[in-house]
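Here is my note on the structure you asked me to look over, arranged as numbered points that can be read alongside the coordinates.

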Amino acid sequence: MAAARHLRSGLPLIRAQLAASESAAVAQGSRGFSSQVAKPTGKQVKVPEALYGGTGNYASALFLTAAKANALDKVESEIKTVVEASKNSPLFSQFIKDLSVPKETRVKAITEIFAEAGFSDVTKNFLAVLADNGRLKYIERIAERFVDLTMAHKGEVKVVVRTVIPLPEKEEKELKETLQDILGKNKTILVEQKIDYSIMGGLVIEFGQKVFDMSIKTRAKQMEAFLRQPLEI
């Protein structure tokens, strides 16, 4: 129960940081994609959380289009398939990263490959835009951020907890209950444990773009910095 107690002690700080980070969802899609995808069905669709940067814009644009087409699950599965292909096929990986390949060749190859694979129009058009803009090499990061959006849409929150030893089942349960109290009862908490000996003890919690570092390593650095400060006489 030590980890959960450790987390509860930081509840006020965590809640304050969460409140300060609330912002409007990104409504701006990636360049060129909106003209090639399905038009709105009349239902108002918004991204569940704001993402920033180029990959965030692309992921947000894909989410909006897939949601309007009622194809979120299919598009998510297809995007994951593309990422797996880039990992398992050196030839495909080289192709998507090689900007010396003429743009027209990239677009034609991508369109034909994924049309033959039976991909949805949303995914095919999206990949064609990435190929056209020379952004296929970022597909893995875009996919990660797209999955972040689909999880948020379903009320799921992936929480990565880094510790030096695995949390006992009872302690993990209490930790999830504490996180549920922080994030709200309408959320589904998915905890992923990672062993990280470098933190020396304590725990580090990551979810979304937020990191709450309650490790012994960080506390030791803070204490060292304090002790190095000149004494006031």
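1. Buried is used here for under 20% relative accessible area, exposed for over 50%, and partly exposed for what lies in between (1.4 Å probe, protein chains only). The model is predicted, so that local features need pLDDT of at least 70 and side-chain atom pairs count only at pLDDT 80 or more, while totals for chains, interfaces and linings use all residues. Residues are numbered from 1 along each chain as its sequence is written, and side-chain values use heavy atoms, with hydrogens and water left out.

2. The structure holds ten salt bridges, each being a side-chain nitrogen of Lys or Arg within 4 Å of a carboxyl oxygen of Asp or Glu. One of them joins Lys87 to Glu140, with the closest N and O atoms 3.7 Å apart; this pair links distant parts of the chain, since Lys87 lies in helix H4 and Glu140 in helix H8 (residues 139-153), 53 residues apart. Glu140 is partly exposed, at a relative accessible area of 35%.

3. Asp196 and Arg162 also meet through their side chains in a salt bridge (2.3 Å, N to O), and Arg162, Asp196 and Glu206 are linked in a network of salt bridges. Asp196 is buried, with a relative accessible area of 14%, whereas Arg162 counts as partly exposed at 22%.

4. Lys124 forms a salt bridge with Asp121, the closest N and O atoms being 3.3 Å apart. The two residues are separated by about one helical turn because they stand three residues apart in helix H7 (residues 121-132).

Note on methods
Helix = DSSP H or I, 4+ residues; strand = E, 2+ residues; numbered from the N terminus.
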